[in-house]
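Open the model in your viewer and keep the sequence panel beside it.

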Amino acid sequence: MEYANSRSRDAAPVSRKLIETGRLSLETPHVSEVAKNAEGIVKKHGGYVENKNEDEDEVGLSVRVPAGKLKTSMEELETLGKVSYSKIRTKDVTDQYIDMEAKIRNLRVLRERLRKVYEKATKVEEMLEIEKELARVQTELDSIEGRMRAMQKNIAYSELDISIERKSVPGPLGAVAKGTGWVFKKLWVLN
């Protein structure tokens, strides 16, 4: 009976930890103007630009927006040009998050135990061995805490990669070449 009670407490619903990422590719004849407008939309939704690569014909933006605003941000960004690609991916990291929390908790407890043992140690050899183990535990704890902070950032702020490319408009010879290509294609394949 006691086992059933403790088990029901352990089975309490857990808030899911989700990481959302998005990719959006736009075509437009006005690359710089659309890029500025895209940055404005991201900021309006509470986000920020993490990285920007810009040249004459293309702008690449890596941005972060609050997790709950990724879809609405993308919908608004899609109005800035012709969408050539749009996708949102969601990854459930709840299990990894819970595992990291448990590891951090256990390593902190172990660190405190080692500190108490160190205080009681009388031999230099014992002290050196405990210091070595304390350093190992602290290094592992720092590493997991760093990964946990990165995961929390990814949960709180969705990553969105935006590619804005200049849409090329064929001139008179380009249109003729495109039409000729179509004719040759139809000579070989009818469907």
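**Strand pairings**

Start by selecting Thr-28, whose bridge partner in β5 is Arg-166. The model is a predicted one, in which local features need pLDDT of at least 70 and side-chain atom pairs count only at pLDDT 80 or more, while totals for chains, interfaces and linings use all residues. Residues are numbered from 1 along each chain as its sequence is written, and side-chain values use heavy atoms, with hydrogens and water left out.

Next, select strand β1 (residues 18–28) and strand β5 (residues 157–166) whole. They pair in the parallel sense over eight bridges. Strands here are DSSP runs of E with at least two residues, helices are runs of H or I with at least four, and both are numbered from the N terminus. Two strands count as paired if DSSP finds at least two bridges between them.

Select the five strands of the open sheet in the order β2-β3-β5-β1-β4; the pairing is mixed. At the edges are β2 (48–54) and β4, each pairing on one side only. Neighbouring strands are turned by 10° against each other on average, direction ignored. Axes are lines fitted to C-alpha atoms, for helices over the stretch in contact, and angles run from 0 to 180 degrees between N-to-C directions.

Show helix α2 (residues 31–44), which packs on the sheet and touches β1, β2, β3 (58–66) and β5. Contact means heavy atoms within 4.5 Å. The direction of α2 makes about 5° with that of β3. Helix α5 also packs on the sheet, touching β1, β2, β3 and β5, and its direction makes about 65° with that of β5.

**Helix α5**

Select residues 124–156, the 33 residues of α5.

Colour the buried residues of α5, among them Ile-130, Leu-134, Val-137 and Glu-145. Buried means under 20% relative accessible area, with a 1.4 Å probe and protein chains only. What covers the buried residues includes β1, α4 (94–120) and β5.

Which residues does Glu-145 contact, leaving aside its neighbours within four places in sequence? They are Ile-104 and Arg-108. Glu-145 has a relative accessible area of 17%. Its side chain makes a polar contact with the side chain of Arg-108 at 2.6 Å. A polar contact is a pair of N or O atoms within 3.5 Å; within protein, one must be able to donate a hydrogen and the other to accept it, and residues adjacent in sequence count only if both atoms are side-chain atoms.

Technical notes. Expected span 1.5 Å × (residues − 1). Buried < 20%, exposed > 50% of the residue type's maximum accessible area, 1.4 Å probe, protein only.
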